[in-house]
Amino acid sequence: MMKEVQPDLVIGCGGYVSGPVVRCAAKMGIHTALHEQNAFPGVTNKLLAPDVDIVFAAVPAAVEKLGAPQKTIVVGNPVRPEVFTQAKNRDAIRAQLGAGDRTVILSFGGSLGARRVNEVVADLCAWEQKEHKPVLHIHATGQYGVELFQNLEKEKGFAPGESLVVKEYINNMPELLAAADLVISRAGALTLAELEAVGRAAVLIPSPNVAENHQYYNALELQKAGAAVVIEEKNLTGDGLVKTVEELLTTPGKLAEMGANAKTLGNPHSLDMITEKLLELVNS
């Protein structure tokens, strides 16, 4: 018969499943902590914050909203080590891709694919090829966007080739982030953390289909810092995306400046800070 063991620490990251577990642990006197990944906290974390021992926030904008500033520490979002490792290999990865001196644009809308993102990126790809722009564009359609994007290629008169690589899914994201100059994507917290880690300019299209529109608030943090341009999906058009990218490409030094601004927002020591504070809590 398995012996019942009481944990020393319970950590929550929001959500309706972990919330009751963390609250129950706090009432039992077990050490508890939570981490809020987004700029606009979820309901569960706001409810839990007064009860836990330590609150970790990814960005300063979340501190007051969480409602427990006296015990909230801003630590950023941890990023997988290979993102930092591959960033050091930028030149070698770009050489493998055959990028040369071209601007590398990386675009994606998620593993399943975002229809609207695929549609406007298709307009951008068509413009790039029609105008013979010196770019290497790598785009991931997502699972449900494969056929859609193939149809858009025929409709708009562009095709994969030397200047365009189309994939269903990106399974080497750290390498492609290292090679990229501009990223076009949604604004999930971990995606943005990786953009900040490597220092990449971005055009962000927040998903409107998330709780409390939190991706929009995540994206605003980068835009306020001069690291990204935010286009809400309700305002998103192919012409608008083309105009935005054209302005970024034709303004000397703009992408490098935005990338440098993005890097100031990241915290490469996030995981170490969280680990240190949790060990202090448990050992106390």
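Reply: This is a predicted model. The count comes to three aromatic pairs. One of them joins phenylalanine 149 and phenylalanine 158: the ring centres lie 5.7 Å apart and the planes meet at 75°, so the pair is edge-to-face. The cut-off for that class is over 60 degrees. Phenylalanine 149 and phenylalanine 158 are both buried. Elsewhere, Phe40, Tyr216 and Tyr217 make up one aromatic cluster.

Next, the cavity. The largest cavity holds about 40 Å³ of space. Its lining consists of Cys125, Glu128, Gln129, Lys133, Val135, Ser163 and Leu164. By class, three of these residues are nonpolar, two are polar and two are charged. Helix H6, residues 115-130, is the top contributor to this lining, with three residues.

The loop between H6 and strand E6 (135-140) contains histidine 132. Its backbone deserves a check. Phi of histidine 132 is near 55°, a positive value in a residue other than glycine. Histidine 132 has a relative accessible area of 70%, so it is exposed; the cut-off for that label is over 50%.

Glutamate 212 sits in the loop between strand E9 (201-204) and helix H10 (214-224). The relative accessible area of glutamate 212 is 32%, so this residue is partly exposed.

Four strands form an open sheet in the order E1-E2-E3-E4, and the pairing is parallel. Strand E1 (9-12) and strand E4 (72-74) are the edge strands, each pairing on one side only. From one strand to the next, the twist averages 20°. Within this sheet, take the pairing of E2 and E3. Strand E2 spans residues 31-36 and strand E3 spans residues 54-57; the two run parallel and are joined by four bridges. Alanine 33 stands opposite isoleucine 54 in E3.

Back to the starting point. The ring pair of phenylalanine 149 and phenylalanine 158 is edge-to-face, and both residues are buried. Histidine 132, by contrast, is exposed.

Conventions
Residues are numbered from 1 along each chain as its sequence is written. This is a predicted model: local features need pLDDT of at least 70, side-chain atom pairs count only at pLDDT 80 or more; totals for chains, interfaces and linings use all residues. Side-chain values use heavy atoms; hydrogens and water are left out. On a 1 Å grid over the protein atoms alone, a cavity is a set of points where a 1.4 Å probe fits but cannot get out, and a pocket is an open set with protein on both sides within 12 Å along at least five of seven lines; lining residues have an atom within 4 Å of a point. Grid points are joined across faces, edges and corners, and a volume is the space filled by probe spheres set on the points. Ala, Val, Leu, Ile, Met, Phe, Trp, Tyr, Cys and Pro count as nonpolar, Asp, Glu, Lys and Arg as charged, and the others, Gly among them, as polar. Rings of Phe, Tyr and Trp (its six-membered ring) pair if their centres lie within 6.5 Å; planes under 30 degrees apart count as stacked, over 60 as edge-to-face and the rest as tilted. Buried means under 20% relative accessible area, exposed over 50%, partly exposed in between (1.4 Å probe, protein chains only). Two strands pair if DSSP finds at least two bridges between them. Axes are lines fitted to C-alpha atoms, for helices over the stretch in contact, and angles run from 0 to 180 degrees between N-to-C directions.
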